[in-house]
Amino acid sequence: MRSQVDRVTVTRRIRAAPERVYGFFTDPTLWSRWQGTSATVDAQPGGVLLVAMGHGGSGLAEGRFVELDPFERIVFTWGWARSPLSTLPPGSTVVTVLLRADGDGTLVTLTHDSLPQVERDIHEAGWSLYLDRLVTVAEGGDPGPDPSLAGAE
């Protein structure tokens, strides 16, 4: 019997050009400003994506880039090499990020496909939180420490 799978879609508007926003998905220094404590980003098809999260790197998201259409679309696989909250295997799901110019800004739509039903809520909450942080940093603000460190001593 197959597990039920689901999709999560999160959309945010950022007051920054698509060219600026795209960099936050393709540059490891920029990525780690909105998600995680450090990132390895080899932004080319087949390139590795690793995002360390949590106190002492207790969480490590792992995937590979599938498609990059500069300033418009980024597709990567996603899962967890280690996580205290998720059992989603590394690279087992697909995330698509669409960037659409919208006046003086960019409409960002992130869709996470093939999530097992049991993983849906935690990933929806996570992407919502992190896209809010992306809005802050891409618009020139400081989102503060990654919340995955909350409660760390």
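Phe71 is partly exposed, with a relative accessible area of 37%. Partly exposed falls between buried (under 20%) and exposed (over 50%), using a 1.4 Å probe and protein chains only. The model is predicted: local features need pLDDT of at least 70, side-chain atom pairs count only at pLDDT 80 or more, and totals for chains, interfaces and linings use all residues. Residues are numbered from 1 along each chain as its sequence is written, and side-chain values use heavy atoms, without hydrogens and water.

Phe71 pairs with Tyr22, edge-to-face, at 5.3 Å centre to centre and 70° between the planes. Rings of Phe, Tyr and Trp (its six-membered ring) pair if their centres lie within 6.5 Å; planes under 30 degrees apart are stacked, over 60 edge-to-face, the rest tilted. Tyr22 is buried, at 9% relative accessibility. Tyr22 lies in helix H1 (residues 18-26) and Phe71 in the loop between strands S4 (59-69) and S5 (73-78), so the pair ties together parts 49 residues apart in sequence. Helices (H or I, at least four residues) and strands (E, at least two) are DSSP runs, numbered from the N terminus.

The structure holds nine aromatic pairs. Trp78 and Trp80 form another edge-to-face pair, 5.7 Å centre to centre with 85° between the planes. Trp78 is buried at 2%, and Trp80 is buried at 15%. Ring pairs link a cluster that includes Phe25, Trp31, Trp78, Trp80 and Trp127.

Now to Asp146, in the segment after helix H3 (117-138). Leaving aside neighbours within four places in sequence, Asp146 is in contact with Gln35, Gly36, Tyr130 and Arg133. Contact means heavy atoms within 4.5 Å.
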